[in-house]
Amino acid sequence: MRKTKARRDPRVIARENAERRRAARPAPAPVSPLAPPGGFPALPVIEGLELSACAAGVKYRNRPDVMLARLAPGSVVAGATTRSTTRSAPVLDCEAKLAHVEAPEAGAAILVNSGNSNAFTGGRGVESVNAVVTALAETLGLPASRIFTSSTGVIGQPLPHERITAALGQLAEGLSPEGWTAAARAIMTTDTFPKGATETVTVKGGEVRIAGFAKGSGMIAPDMGTMLVYIFTDATIAQPDLAAMVRRLTDRSFNCITVDSDTSTSDTLLVGATCKGPSVAGEDAFEAALGRVMSDLALQVVRDGEGATKLLEIRVTGAESDADARKVALSIANSPLVKTAVAGEDPNWGRIVMAVGKSGARADRDRLAIRFGDILVAEHGWVAPSYTEEAGASYMKQAELVVAVDLGLGSGEAVVWTCDLTHRYISINADYRS
């Protein structure tokens, strides 16, 4: 008589499979070779701002995964969020609060968790946001309308918000004007280094400080937001003026980067001004300084692109319009063929030609010119007589590269930053949920 094979418990099989996946994972990524030298910068105390972080166990173990920022009474907040049509519950909540600005007398707070994006979680996602906001409002004595939350991590899994609410007392007790580094590390997911930037600018009333941090490494494509970014200043500024400034500067910084062409469901940029320092009304120097901080953080995100070994700047000129130039720049920057050629240090300029042609922008083969840095590669619809493959190959060995394309049609121009595409990107994302 034939023996029936005993059925194994599916839960045991699932555990064994998970253990095998964990054992096969690649080692933790070393810090990106493109990381800024010197590590996380020393960020200044911003009067009216306190930060903290703690390990709540949302997903990760034995590492900070929730950060809190508290802004003093009188502070104003502006921001930008992803235009993804599947954006998360925290993003929708932030959008509603940014659209209906309330008097800033109460102050404000920002709470961020990593490990779980609370995206595509239906009504339960809204319940989680409300639970966290309500509990934090009670903890800090703030109105719920002045509390902004963000979540980053895996999509489609319910947020264990009770772990966050259980940690709120610890977060409140740990608030400090010098809590920058822990806060920046707490929001990291696949990042290999925390990202910070600062500027001090002199205006008529004295010095104004600006400082902030960001996270982002994969699922990065321009359509603000393209990551999580939190910037603070002691400047005195009206909320509508700050909001308009943030919109302008976002299009010149965070909306000019791409790692993998994928726009996240969770991306959020928030800028808080405590209004404890000099007024910056009419001060162009302040906007310029804020723009430098935003551009610095945006480039750090690209430098930490998952598996990146090359930073690539795409400059497009001579387009019929700025919009057309941007189409071409993004087409080049998002092309897997271009990005893998860069990873392999292959000066395959034919892939640039391909990306220009597929962009949807008007182009004329016989007016097109391509440069690698200062090296003229192609012009008038053909390879440049002065170009040599040896020169191109030598240039591609650099860690930071510039590809310039002139369409020869008009005055439109654009700049986009991206990184190469390596096998490490596949390894990270093939194993992301395990």
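Biologist: Which residues have the most contacts inside the largest nonpolar core?

Modeller: This is a predicted model. Its largest nonpolar core has 41 residues. Those with the most contacts inside this core are I231, L269 and F286.

Biologist: Which element supplies the largest share of this core?

Modeller: Several elements supply at least two residues each, including the strands β3 (76–81), β8 (228–233) and β9 (268–273) and the helices α7 (239–252) and α8 (284–303). The largest share amounts to nine residues. The element that supplies this share is α8.

Biologist: How many residues are in the other core that lies apart from it?

Modeller: Among the members of this other core are A355, A361, L376 and M396. The number of residues in that core is 34.

Biologist: How many residues lie between β6 and β7 in their hairpin?

Modeller: Strand β6 (residues 195–203) and strand β7 (residues 206–215) run antiparallel and are joined by nine bridges. Within this pairing, T202 stands opposite E207 of β7. The two strands form a hairpin, and the number of residues between them is two.

Biologist: What is the bridge partner of V112 in β5?

Modeller: Strand β4 (residues 108–116) runs parallel to β5, and eight bridges join the two. The partner of V112 in β5 is S150.

Biologist: Is L159 buried or exposed?

Modeller: L159 is found in the loop between β5 (147–154) and α4 (161–165). Beyond its neighbours within four places in sequence, L159 is in contact with residues including V58, N113, S128 and I164. Its relative accessible area is 4%, and the limit for a buried residue is under 20%. L159 is therefore buried.

Biologist: How many disulfides does the structure hold?

Modeller: A disulfide is a covalent bond between the sulfur atoms of two cysteines. C256 is buried, at a relative accessible area of 9%, whereas C275 is partly exposed at 22%. The number of disulfides in the structure is zero.

Conventions:
Residues are numbered from 1 along each chain as its sequence is written. This is a predicted model: local features need pLDDT of at least 70, side-chain atom pairs count only at pLDDT 80 or more; totals for chains, interfaces and linings use all residues. Side-chain values use heavy atoms; hydrogens and water are left out. Two strands pair if DSSP finds at least two bridges between them. Helices (H or I, at least four residues) and strands (E, at least two) are DSSP runs, numbered from the N terminus. Buried means under 20% relative accessible area, exposed over 50%, partly exposed in between (1.4 Å probe, protein chains only). Contact means heavy atoms within 4.5 Å. A nonpolar core is a set of buried Ala, Val, Leu, Ile, Met, Phe, Trp, Tyr and Cys residues joined through side-chain atoms within 4.5 Å. A disulfide is a pair of cysteine sulfur atoms within 2.5 Å.
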